[in-house]
Structures are given as C-alpha cells and as structure tokens.
Amino acid sequence: MADDKNSAAPSEEFRNGGRAVIATLAAHGVDTIFGIPGTHNLEFYRHLSEFGIRAITPRHEQGAGYGADGYFLVSGKPGVVITTSGPGLTNVITAAATAYAESRPMLILSPGVPTGMERADVGMLHETKDSSGALNRLLVSSQRTRTAEGAAQAVAEAFAMFSSSRPGPVHIEVPLDVLEGAWNGSVPTPIPGRRPGLDSRVVSRAAEAVAGAARPLIVAGGGARRASAEVRAFAERLDAPVATTANGKGIISETHPLSLGSNVRFPSVQAESAAADVLIVLGSELADSDLWGGLIGAQTSVGIRDENSAQLVIRCDIDPDQLGKNLGGDILACADAGEFLTTLMAELDHDGATTTSARDASSTGSDRVAAIRGSWNSDFDFESIGARVTRLVEQGAGPAVVVAGDSSQVTYDGSVHALTASTPDQLLYMPGFATLGYGIPAAIGAKLADSARPVACILGDGAAMFSIQELMTASELGLGIPFVIVDNGGYAEIEAQMVDRTIEPFAVKLARPDFAALGHSMGGAGVTIAESDIDEMLPAAVAEALERTVPTTIHITVGC
C-alpha cells in the first residue's frame, strides 16, 4: 500500500514515527485533534497540516480530553488527544478516566522516554517513572510501542476496538527515539470491527418472551446510543414505554408518547420497572449514579431479585461483563443493541407474533406513560433553578440545542430531567465519574463537531472555575457559545450535606470573579442577569449569544 494519498513524497528526513501515526489517523477519518504542543511531541504536530487534520489548542490538557469527548458525542467520531510527555499526559488523566467510566472512545497519543531509558530516573525533561503502566491501570489499555510500524498498527487496533466492543479510552506511548526515528512501513489498512455474534437461541427466547408480554418496559442506556432508530421501532412494535439513563437521554425523542425520559431515578419510573412482566435492559449497567439509591426491576436490594415476582429480565450489552451488574437477567444477549433489536424484530415478523395479544386494550403504552408522568411533580422539583434555567436556554436556543453540563447541581438536578431531548447527542454529561470542569471544554468540542448546531453550556460557579480558562479557547476559535453560569456562591450542595451531618459548614463558600467581565476580558461578551429576571431576559440573551462569533458568558446571580 502507498504511504498515503498525497502524491508528493515526504522528505526521507521526516518519514518518521510521527508521520506513521498521523498518516494512520488520517486513514481512519480523523480530521481534528485536541492537545497542546510541547518539546517532545512536535514530530506528531509536524505532519498534521499535510494530512488535513486541524489542531485545537485548549489552555489545559484536561480541557483537551473533555473537548475530545464533546466532539465524539456530537460527531460520532472517536476523540483524539495529543499530549507531550510527563505533565502533559498526567494532566489528561482525569478526562481519560471520565471516558472510561462513561464507556466513550478516546485515543490519547504521547511521547515517552527513549527506548532503554525506562525507569532510569536520570532527570530527563518530563521524565516519568512508568506512564504507560500508570494509564494501563485506569483505561481500557495503554501500550508503549517499540517501532514506528508498531505505533501505526496500535492506532489501527484502537479504532477496531472502538467499533467492535465496549468503547473506552486507549493510550499509545511512542518513545522519543521511535517518534523521531525512521519509518519504513506503510499505513495499516483499517481493521473491520468484530462484534460478538448473536446466539439464535437467545433471540428465539427473547422473541417468545416479548410476544407474550402484557406489561413490557424498556430501559436504554449509553450503550444503545447508536441504536436510536431500532429502539424506537422496537418500542412501537411492543407498545412499550422507554426510560433512559442520563447517558441514554434522547435515544427515543422525549416528546414521543412512549418516552419516560432520562428519569430512571424517579420513584414512579422505578415502580413501573418493578411492575413490568418483561423488562428489557439495553446497554446499561443500571448504575447507582443514575438510580440515586433506587432500584430498577423487581428487586429487594441491588442484585437480589424479588422471589415473589414472576418478572422476566432480558439484558443486552456488547460487553458480557455488564450483563449481570446490579440486576440479574434471565435472557442475556452479548451483542450490539442495534443488531440485537433488528434480529429480534425479524424473528417476531417471521413468527407472525402480534406482541400485544396479552394486553388489556384499555391500557396502552402511552396510557401508562401518561399515568407515570402525572406523578412526576412529586418525584422532582421542576421549578428548581437548574430546571428553570434549562427550559429557558432551550426556549432561546431552539429544540435542537446541545447542552453541555457539568457535575453541577444545575445539571444533575436540572438539565438531565428538564431538557427535552429528541436525539441522543443533546446532553453532554458524565454521571458516573461526575467530574468538575467538563462542561466548558465539552461544549467547545461539540461546536467544533457541528458548527451549524446551537450549543450551550449550563453549569455552576464552582464547576466553571475548574476550566474557566477555556473561554479563551472559544474566543480564539470564534465560537458563538453561550456559557450560562448559575452562581449560588460556591458548593451549595456540599454545604447542605454538611448541615445534614451536623457539620458546621466551612470551605464551601467561594469568592468568585465577575464572570461577565471575565468573559469580556477573554475576548467574548458578557452579561449578568439576576435570578428574578431570568424568565424575561435569559431566552433573549441566549438567542443573541448564538448569533455572535465569540462566546458569551451569562452570569446568573442566585438569591440576589
């Protein structure tokens, strides 16, 4: 195979390990990387422009990782991060660990100490004891390559893994001598994905179960994000309500009459899941970070099925280790959710099953959804500041808006439930790892993935200060993103938890900058809105922000 499609042969001086890696990225459709140039990674950067790959430079490598994640969630393409050695790599670890917790693909490339200098401890610039070993403990894998050809092959293998199994972050370390040394090989051909094969007996058992279901319920998680069309078709075929986790939000439009939204934490939804005679769980481990101490399915405690219930549980996940977590299953399909549902519906068609013959005709799926929704005001405070702000941002930005959140109360007690999502890319959030500092760079990554799409960020003042420097990145890139900062004076929920534990609150009231002025100082626009004025002013402020070619910091002062 030819080195690449650019006919002009590179100088032999620079046909090196860096070129091997970048050429392989291009062969796998990569057009954007996130990272910060450093002394040791310049041979990666040398080749980017030749292959048409744009380099996005955040102000911190953690922002590079979160930006890559936001880029993936909107574009569907795995995010790619290039760091330098030492602190550049360790700075991205939290973002990479977030991708692992949320099962999202991310490729991290970094240089390493030269071959033979491992653990030498001689005081080299950015020398690290064992970078690859450390990341291998936290991520899907970390590999220290030995040759330029091996580095290129490692990239191809990472992309094959992303498309064929439970995705997650992969780190490839290229020793400096390999990065700068000669590359005598060719660009590896992309490796076809190898997803698990479906067991026909499992499909037949599942078809028999759903055909006879009188009260089915579907729970869809992040592992079903790519199967949005199949989930909707299956739900309509069964006339079954669909509840999603936060990572599954929007898999089925939340305006659909069968949608229960991303509300698996609500007691009414959990009660309905316990009452279902057939429960179908797609691409979720049913984590407590979504359930908030509750239970999905007929259980007496986590993982303990209720002996008095005849409920049948069907679970589907591409990762076999996920199939038994937090709820035992009766029919287990180790498969891609879309492939499983497509095959299952074909089996139902072949058998001529009606799937509704056991139902009470007076209680349709939409009737059940309407009844459950009727109790939601007792499950959740839809007038909380986070919920109100989310609805007002959506009003100003339109129904297609992508909202980046953070581990802020305004997100998990607001946007997760108040945003009306129609597609599975509208909420950028990380409920499992629950990291602060995610929202601002994730919004930047999303906007870069689709410049025509309205993107907004809603987060608290505490979370904003973790990555506020990325406002400068948004200004530099000319991104018209409204960053809505809801300022309640610090870490209000942690303060409440202290009070609940009879701890006199301390270390939770924070001094904050004038966020609007800070937005101006970083080349954008800024506006301050008092909580009492948000109904009147916030939608217009968001609409105006989306028309600008610079970011707008919208500072909402709570209790003022």
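**Close-up views of a predicted model**

**View 1. The second largest pocket and its lining.** In this predicted model, 23 residues line the second largest pocket, and those nearest its centre are Ser407, Ser408, Gln409, Tyr412 and Ala492. Two or more lining residues come from each of helix H16 (385–397), helix H17 (409–418), helix H19 (461–464) and helix H21 (492–500). The volume of this second largest pocket is about 370 Å³, and its lining comprises 10 nonpolar, 10 polar and 3 charged residues.

**View 2. The largest pocket.** The largest pocket holds about 790 Å³ of space, and among the 40 residues that line it, Glu102, Ser103, Pro167, Gly222 and Gly223 are the closest to its centre. At least two lining residues are supplied by each of H3, H5, helix H7 (148–164), helix H12 (288–291) and strand E12 (312–317), with H3 giving the most, 4 residues. By class, the lining of the largest pocket has 16 nonpolar, 14 polar and 10 charged residues.

**View 3. The packing of helices H3 and H5.** The axes of helix H3 (residues 61–75) and helix H5 (residues 93–101) cross at roughly 25 degrees and come within 7 Å, which makes H3 roughly parallel to H5. Gln62, Gly65 and Tyr66 of H3 meet Thr94, Ala95 and Thr98 of H5, a contact with 2 nonpolar, 4 polar and no charged residues.

**View 4. The open sheet of 6 strands.** The strands pair in parallel in the order E15-E14-E16-E17-E19-E18, and the edge strands, E15 (427–428) and E18 (525–530), each pair on one side only. Helix H23 (residues 534–547) packs on this sheet, where it touches E16, strand E17 (482–487), E18 and strand E19 (552–557).

How values were computed. Residues numbered from 1 in each chain as written. Predicted model: local features only at pLDDT ≥ 70, side-chain atom pairs only at ≥ 80, totals over all residues. Heavy atoms only, no water. Pairing = 2+ DSSP bridges. Contact = heavy atoms within 4.5 Å. Axes fitted to C-alpha atoms, helices over the stretch in contact; angles between N-to-C directions. Parallel < 35°, antiparallel > 145°, perpendicular 65-115°, else oblique. Nonpolar A, V, L, I, M, F, W, Y, C, P; charged D, E, K, R; others polar. 1 Å grid on protein atoms, 1.4 Å probe; cavity = no way out; pocket = protein on both sides within 12 Å on 5 of 7 lines; lining within 4 Å. Points joined across faces, edges and corners; volume = space filled by probe spheres on them.
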